[in-house]
Amino acid sequence: MSDVYDVAIIGGGILGLSSARHLLQQHPGLRVLVIEKDSEVAGQQTGHNSGVIHSGIYYRPGSLKAQFCVDGRNSIVDFCEQHEIAFERCGKLIMASHEEELPRMETLFERGKANGVEGLEMVGPERIAEIEPHVSAIKALWSPATAIVDFSAITREYAKQLTEAGGTLQLNTRVTGITPRADSVVIQTDQGEREARHLINCAGLHSDRIARLMGVEIDLQIVPFRGEYYTLRKEREHLVKGLIYPVPDPDLPFLGVHFTRNVKGYVEAGPNAVLATAREGYRKRDLNIRDFSETLGFPGFWRVAKREWKTGINEVNRSLRKSVFTHDLQKMIPEIVAGDLTTGGAGVRAQAVRRDGTLLDDFAIERTERAVHVLNAPSPGATSSLEIGKYIAGLAAESFSLGV
Ligand SMILES: Cc1cc2nc3c(=O)[nH]c(=O)nc-3n(C[C@H](O)[C@H](O)[C@H](O)COP(=O)(O)OP(=O)(O)OC[C@H]3O[C@@H](n4cnc5c(N)ncnc54)[C@H](O)[C@@H]3O)c2cc1C
């Protein structure tokens, strides 16, 4: 048998493994290799997120996010049922405390309806008190279809199905270079060379670098934004029944700090969105000189900084001062006090930014002759993973003439 794989996928996160699984389902016998630098799958964004199966409210109708999230919510719930992965339909409340938030909430309601979100309704104080008795709101959007899950467990199941179908998952292997040949690509790794006819780039926080290693000219760069969480003390968990979110700022791709109950039972508050000084900078003190100087040397970052400097300062202030974080949470649940919160984990978002300072909102998936590159896959990327994987496998089949 030749040592050349048909398709090599860089990244053992939820999207790389979903794509690999779909490729093998659609083309049994295909030689598929997934290369992951960490010692386990889902070690980066996938294993550090809020665990929410979003229902599809926020996204512009017609966008990839709207399409993949609504279908993805249904397919991931079916997948969990089929493979006995714990999930819970706890529902989500997006709440307004002030009159001026109502027009934005109305826009969200219209978007949700246009996207076909199941069971979405506008509710008043009486119904809010039944759903979340400790919340203070004048009106809210109630999405009963929103659920919670452990996305790492889903990713492990994708990995299991990949290997059962004959695919190869290579952990502890970092891609360091890529050399295109006439009819293949040679992938340099710290464990030696691999060769594949085609490549799929699902490298998350490093996806722009992988694209550039292939010589692809892209007009964007990943700027890492850390999302920090607090955990609610056990005795105060009763204050949150499900998921409680504020009305988000429409100019930013983040949802605002919120409360999320997770499948393990505890309640988290967050994530905020602070510039990270390392792409895998999960702690405030983490600094990677290469990562940070690339961010500072990127004109797109300075354009965002010029436009959003006030938001940036507020985010840093909230990150450094628990009292400010608590104050924002009190806008949703007035009973919360700083002593209820203990420092929790963090995730880092791979936010793609264009040179002109545009923060990419929608999923960005581009193809070249020998490759498909996932260049922006923020939330609801995990929710949408089965649909994105199917889409990527379809693009790959078309571009790479698989099975022909
Ligand atoms: C704080 C936070 C909260 C979120 N909340 C939600 C949520 O509630 N619901 C939701 O649907 N989505 C959520 N998301 C988004 C979701 O987590 C992502 O869309 C999804 O995990 C992206 O998956 P991925 O496979 O593209 O990336 P990743 O999980 O980051 O995987 C990329 C993989 O590539 C590997 N890799 C990178 N470079 C190399 C290399 N050179 N060689 C080998 N391997 C390499 C990495 O080690 C990593 O394992 C959240 C994200 C964050 C950060």
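1. Asn172 sits in the loop between β9 (168-170) and β10 (175-180). (Helices are DSSP runs of H or I with at least four residues, strands are runs of E with at least two, and both are numbered from the N terminus.) Asn172 is not a glycine, yet its phi is positive, about 55°. Asn172 counts as partly exposed, because 13 other C-beta atoms lie within 10 Å. (The cut-offs: buried means 20 or more other C-beta atoms within 10 Å of the residue's own, exposed means 12 or fewer, and partly exposed is in between, with C-beta atoms placed from the backbone.)

2. A word on what you're looking at. This is a predicted model, where local features need pLDDT of at least 70 and side-chain atom pairs count only at pLDDT 80 or more, while totals for chains, interfaces and linings use all residues. Residues are numbered from 1 along each chain as its sequence is written.

3. Ala42 also has a positive phi, about 60°, although it is not a glycine. Look for Ala42 in the loop between β2 (32-35) and β3 (52-53). Ala42 is buried, because 26 other C-beta atoms lie within 10 Å.

4. Two cis peptide bonds to check by eye. Gly270 and Pro271 are joined by one, with omega about -5°; Pro271 lies in the loop between β16 (267-270) and β17 (274-275). Ser379 and Pro380 are joined by a cis bond with omega about 10°, and Pro380 is in the loop between β20 and α10 (385-399).

5. On to the domains. The protein is divided into domain 1 (1-51 + 150-219 + 361-404) and domain 2 (222-354), with bounds from an automatic or database domain assignment. Their centres, taken over C-alpha atoms, are 28 Å apart. Across the boundary, 18 residues of domain 1 are in contact with 19 residues of domain 2 (contact means C-beta atoms, placed from the backbone, within 7 Å). On the domain 1 side, α6 (207-213) and β20 (371-376) are the elements that give two or more residues. That side divides into four nonpolar, 10 polar and four charged residues. (Ala, Val, Leu, Ile, Met, Phe, Trp, Tyr, Cys and Pro count as nonpolar, Asp, Glu, Lys and Arg as charged, and the others, Gly among them, as polar.)

6. Now the ligand. It is surrounded by 41 residues, the closest being Gly11, Gly13, Gly204, Gly347 and Gly381 (a residue is near if its C-beta atom, placed from the backbone, lies within 6 Å). The elements giving two or more residues to this shell are α1 (14-26) and β18 (341-354). By class, the shell has 16 nonpolar, 20 polar and five charged residues. Domain 1 and domain 2 each supply at least three residues to the shell.

7. Helix α1 turns up again in a helix pair. The axes of α1 and α5 (residues 151-164) come within 9 Å and cross at roughly 35°. (Axes are lines fitted to C-alpha atoms, for helices over the stretch in contact, and angles run from 0 to 180 degrees between N-to-C directions.) Residues making this contact include Ile14, Leu17 and Leu24 of α1, and Phe151, Ile154 and Tyr158 of α5. The contact has nine nonpolar, three polar and one charged residues.

8. Last, Pro334, in the loop between α9 (322-330) and β18. Pro334 counts as exposed because it has 12 C-beta neighbours inside 10 Å. The C-alpha atoms of Pro334 and His134 are separated by 7.8 Å, with the two residues 200 apart along the chain.

Key: Two residues are in contact if their C-beta atoms, placed from the backbone, lie within 7 Å.
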